[in-house]
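Please look through the sequence and the structure below, and then read the briefing that follows, which is grouped by topic.

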2 protein chains.
Amino acid sequence: MSKKYVDIETLKYILYDVHKLEDLLSRERFQEHDLESLDMFIDSVKEFSDRELHPYFKEMDETPAYHKDGTVIVHEQVHKVMLQSGEMGIISACFDYDDGGLQIPISAFQAALYIMDAANNHLPGYPSLTLGAAELIVEFGKQELKDIYVPKMLSGVWGGTMCLTEPQAGSSLSDIVTKATLTNDGFYKITGQKIFISGGDNQFSENIIHLVLARIEGAPKGTKGISLFVVPKNRLKEDGSLEYNDVMTVADFQKMGQKGYCTTHLGFGDNDDCRGWLIGEEHKGLAQMFLMMNGARIAVGRGAAAIAMAAYRTSLQYANERPQGRKLSANGKKNPTEKQSLIIEHPDVRRMLLLQKSIVEGSLSLVMLASKYHDILTTATSKEEKEKYHLLLEMIIPIVKTYPSEAGAESVDNGLQILGGYGFCTDFSLQQYYRDIRISALYEGTTGIQSQDLLGRKVPMQNGKALKLLAAEIMQTIIIASKDDELKDYATILGDKLKNSQKVLEHLMPFAMKGNYERYLADANLFMEYMSIVVLGWLWLEMAVDSKNQLNNADKKYSKTFYESKIHTMKFYFKYEVPKTNSLAESLMSDEVLTIKKDKEYII
Amino acid sequence: MSKKYVDIETLKYILYDVHKLEDLLSRERFQEHDLESLDMFIDSVKEFSDRELHPYFKEMDETPAYHKDGTVIVHEQVHKVMLQSGEMGIISACFDYDDGGLQIPISAFQAALYIMDAANNHLPGYPSLTLGAAELIVEFGKQELKDIYVPKMLSGVWGGTMCLTEPQAGSSLSDIVTKATLTNDGFYKITGQKIFISGGDNQFSENIIHLVLARIEGAPKGTKGISLFVVPKNRLKEDGSLEYNDVMTVADFQKMGQKGYCTTHLGFGDNDDCRGWLIGEEHKGLAQMFLMMNGARIAVGRGAAAIAMAAYRTSLQYANERPQGRKLSANGKKNPTEKQSLIIEHPDVRRMLLLQKSIVEGSLSLVMLASKYHDILTTATSKEEKEKYHLLLEMIIPIVKTYPSEAGAESVDNGLQILGGYGFCTDFSLQQYYRDIRISALYEGTTGIQSQDLLGRKVPMQNGKALKLLAAEIMQTIIIASKDDELKDYATILGDKLKNSQKVLEHLMPFAMKGNYERYLADANLFMEYMSIVVLGWLWLEMAVDSKNQLNNADKKYSKTFYESKIHTMKFYFKYEVPKTNSLAESLMSDEVLTIKKDKEYII
């Protein structure tokens, strides 16, 4: 395991310098914060992660959470991290002062959680889901519900979950059948099964508060008949004590990775005594849940980006320490009497390291971009600003969920490869990162679902306005970079790729216009890959622009090499990754239709 | 776990029809075989795999081999499969009658082993390495050594290994230090450490015969001073009994996957009593070992191709059984009152299945191509034929090792994705295939090493003759396909990609000419990817040509759909995979040098 699991300099550089956290601090919501206090918050989370998260990374893989006697037995560190996350204000960081929060910018909070993810991705999900659930109660719940649940959740004493998936429905939420029946006492009786519930139970928590999607009896079919309920594992009696609320932990799911973060199967109301309280309006549950989903999707991207970061640091350390092989001399042979090289000196290893670096730091910048949009949206003062950042955030959400998950897995794969045979051995952490990160492309909406969301919902939004806004942001960087002799060629390339994305859409759009949505969306995954590369190319160009400026700054915060390494990595991304857009465009614009089922089944 | 882990029809189609096994049978070596007898051999191995391999696939993952009291404890099925592989003639299949073998064509043998790999990849390595070791003894050993070892090995009573890697040397064989000291009794005393030894020990085997690379005292440095020794775990005394030969199992390696196939760390001569016998000439050990390495590298590609096949069958079965979601209707919405679709009806799932199918069946054809070259080479009757197939085999070896390993892993990754969250759960086999296949790109030479071999050794061989021969083979298929209206466009595309590979080489070659091998080889991995896609495109076009012919054949063996599905998959490969050559060529021909270290280190 690498002693240095995260590159804090780069994290702070991207948060403070590239995405200019300071610009946010003039907003009213953040007026009691300054860069120094936020920097201290981040440092304290790093220190906490060093002490309470990272040392348990391997151990939690070796001792997976498991189901026993109707509960789930998790590593004791889960309990410790939940309570300390409460005490340190990590869970409540972004909540209003009035709700017991600290009104910290989401960007700074995400940076802190990124450190925790990199330290040990099996743990941050517990506090993270808890705050997401609490957020929904705060946003849509009545005061009474807020008073009962939110303080205990923000202090980490009670956990929280999101309960969406059901066995027969999978990703298709319109098919959920969990039932809610109104009683005369104001609450609903809940019955149904939920699967894949992360953090669904543990032996330490006094209570777990489930946010459950269910269908009120007589509700319309499909997604328009789904409502949102708060369903505690134990309900509060009038005397203030807790009684069991008939939420049964039926089983758990044993997994290939992220084994310390339990995944449960819950049964509600097996004894007809499970009570739930409606949150917000009837039948609006899905829309409400999706409000939280944006945060959850950024969190998945953040987690994947962080795992890839930790894997990169580990393989980089290995490459700097492991001697093996020699340089080729002018006759193409190696001289065995020469000292062995460190493997970081071999071009192929350098290619794999730079690929990792470009994906890892690019993903981090993407997560910070989405967080910045989120911050601006929640603090917007004008309708125009709100509208603009709503659209930009919507546009970037499927990308920030997907790119770090998919490219991050590829990045970890390359890190594992650098270790050779050792990469496959459990004594080394690369194989654990490899297994852990694989969940990212699955939960909170698979890559397929994100891609349909991008091309099917986000691109056509308000006649393409969201995409136009994003393109305008990208163009701003292109224009600035065009004025720099070293950067202008890259700016031109990015401009071309952006223009080509328009051509791809012009090719696809007519299918949607004609009502042939199946055809329009058939290669949505390829479009996702195309747009992700354009966005990452943009973020790298942006980082190079800033680094160039800093290099001319006598007062620069980091070393010359630090900034030069960013410019070098940008060039790497443009040489090795950006050209992939060409082949993607070729496939996307092909007139052959091969993946839509006609009469005969050729997939045999 | 899929009940149908291998598509036997496609296997036989590729072996018999596409690669025309029958054409080989006129050769003297194979004159006692006919298609029927070979078909029975393959069927018997399938039946054996159904009974003795596949049922233990999950169990062997859950109960990994482990080191205890100086030996390795493996699953009891290892013993059973070794002995039965001996009895059934699987180990001896390709050996000469004179050496106790059956003189079965390598192609038919590889097809049989492919079935075993697909059934349970944790087991076939034991018999497979044993036959490889026996092959070296037969080829280079004195009669006395053959008499002692070969019969016991071919019957599966004794195991065999290859011992190359050492802790300080890794892939760099020029740095191995295991020492051999000649004694007055004709044998050598061996001392040293070997790591990553597959099948290195187990509690059942009466004996394990290690083929060990070591350096005779006073030998030149580098690879030119390495000799090959047979070093049994227990040596034969004059009275015919066995005595311990001071080969110590020091430890084992616990791994992320392929856990039932033990990986050991062996110590030779800790008590100065380890005897080894020289095989072949002094200092020629590496060249001799490499003779076996071609087989071993085909075997790795075969194993990866087979794991990907099993994963494809599993995800295909799931996609055909799992209902989820609905088709989009003309307004772009789904109608929740409609019955759910099976997920195989979703274009994105179809794309992932077809990607798998194209990689899986294409890889199988590649393995059979290499095996055919191997067969022709070993039975060549003229110098010209020997020379031609030697070069073709050398050219294809790094590709057959690499493509199924790399693309196979991507294929399994897509299979896992099709299962959604279940793909990540240990109750489903996809995650095991995902972990198991990852070793393929590492052992028997990593992808980096194979790529250097391809561009650095094989392409320049005899002034490019090997590559010219391969291109001529590809051109033959292009010419035939050009005459078919449905296929001619694909033939044109493949011709272009082949021509472009020449342009890429024209761009790179001058660096080699000027002695700048580091630059010449820096992007060897990308060149490997480029050439692999061209070769696979060729093999798919070849399969489509044959399928088109069969469709016109009233007497065809398989259904119309069977052949149409091959043509459809060829088209898929050309739409989604072949365009990747464009971006690869762009990266390969870029003048930017970013992965060769200059003065400053930017990878930080």
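In this predicted model, the largest nonpolar core holds 208 residues, and the members that touch the most other members are A:A112, A:F229, A:A308 and A:L541. Helix 9 of chain A, residues 285-321, gives the largest share of this core, with 20 residues. A second core of 207 residues is separate, and B:I14, B:Y114, B:Y261 and B:Y563 are included in it. As background, nonpolar side chains tend to be buried together in soluble globular proteins.

**Two residues of chain A and their neighbours**

- Leaving aside residues up to four places away in sequence, A:A112 touches A:F41, A:I42, A:V45 and A:I90.
- A:Y13 belongs to helix 1 of chain A, which covers residues 8-18.
- Is A:Y13 buried or exposed? A residue counts as buried if 20 or more other C-beta atoms lie within 10 Å of its own, and A:Y13 is buried because 24 other C-beta atoms lie within 10 Å.
- When residues up to four places away in sequence are not counted, A:Y13 touches A:V18 and A:Y558.
- Between A:Y13 and A:R27 there is a separation of 14 residues in sequence, while in space they are 21 Å apart, taken from C-alpha to C-alpha.

**Two helices that pack in chain A**

- Two packed helices are described by the angle between their axes and the distance between the axes.
- In chain A, helix 10 (residues 347-378) packs with helix 17 (residues 524-551) at an angle of about 90°, and their axes are 9 Å apart.
- Angles of 65 to 115 degrees count as roughly perpendicular, and helix 10 of chain A and helix 17 of chain A are therefore roughly perpendicular to each other.
- On the side of helix 10 of chain A, the residues A:S358, A:G362, A:S365, A:L366 and A:L369 take part, and they meet A:V535, A:L536, A:L539, A:W540 and A:M543 in helix 17 of chain A.
- Sorted by type, the residues of this contact between helix 10 and helix 17 of chain A are 7 nonpolar and 3 polar, with no charged residues.

**Where the two chains meet**

- Chain A and chain B each bring 80 residues to the contact.
- On the side of chain B that touches chain A, several helices of chain B each supply at least two residues, among them helix 10 (347-378), helix 12 (430-437), helix 13 (447-458) and helix 17 (524-551).
- Helix 18 of chain B provides the largest share of that side, namely 8 residues.
- The residues of the side of chain B that touches chain A comprise 28 nonpolar, 31 polar and 21 charged.

**How the two copies are related**

- The same surface serves both copies, since 100% of the contact residues of chain B recur in chain A.

**Positive phi values in chain B**

- B:Q103, which is not a glycine, has a positive phi near 50°, and B:Q103 is found in the loop between helix 5 (76-87) and helix 6 (106-119) of chain B.
- B:Q103 counts as partly exposed because there are 19 C-beta neighbours inside 10 Å.
- B:H283 is likewise a residue other than glycine with a positive phi, of about 65°, and B:H283 sits in the loop between strand 12 (275-279) and helix 9 (285-321) of chain B.
- B:H283 has 17 C-beta neighbours inside 10 Å and so counts as partly exposed.

Conventions: Residues are numbered from 1 along each chain as its sequence is written. Chains are lettered from A and ligands numbered from 1 in the order in which they are written. This is a predicted model: local features need pLDDT of at least 70, side-chain atom pairs count only at pLDDT 80 or more; totals for chains, interfaces and linings use all residues. Helices (H or I, at least four residues) and strands (E, at least two) are DSSP runs, numbered from the N terminus. A residue is buried if 20 or more other C-beta atoms lie within 10 Å of its own, exposed if 12 or fewer, and partly exposed in between; C-beta atoms are placed from the backbone. Two residues are in contact if their C-beta atoms, placed from the backbone, lie within 7 Å. Ala, Val, Leu, Ile, Met, Phe, Trp, Tyr, Cys and Pro count as nonpolar, Asp, Glu, Lys and Arg as charged, and the others, Gly among them, as polar. A nonpolar core is a set of buried Ala, Val, Leu, Ile, Met, Phe, Trp, Tyr and Cys residues joined through C-beta atoms within 7 Å. Axes are lines fitted to C-alpha atoms, for helices over the stretch in contact, and angles run from 0 to 180 degrees between N-to-C directions. Angles under 35 degrees count as roughly parallel, over 145 as roughly antiparallel, 65 to 115 as roughly perpendicular and the rest as oblique.
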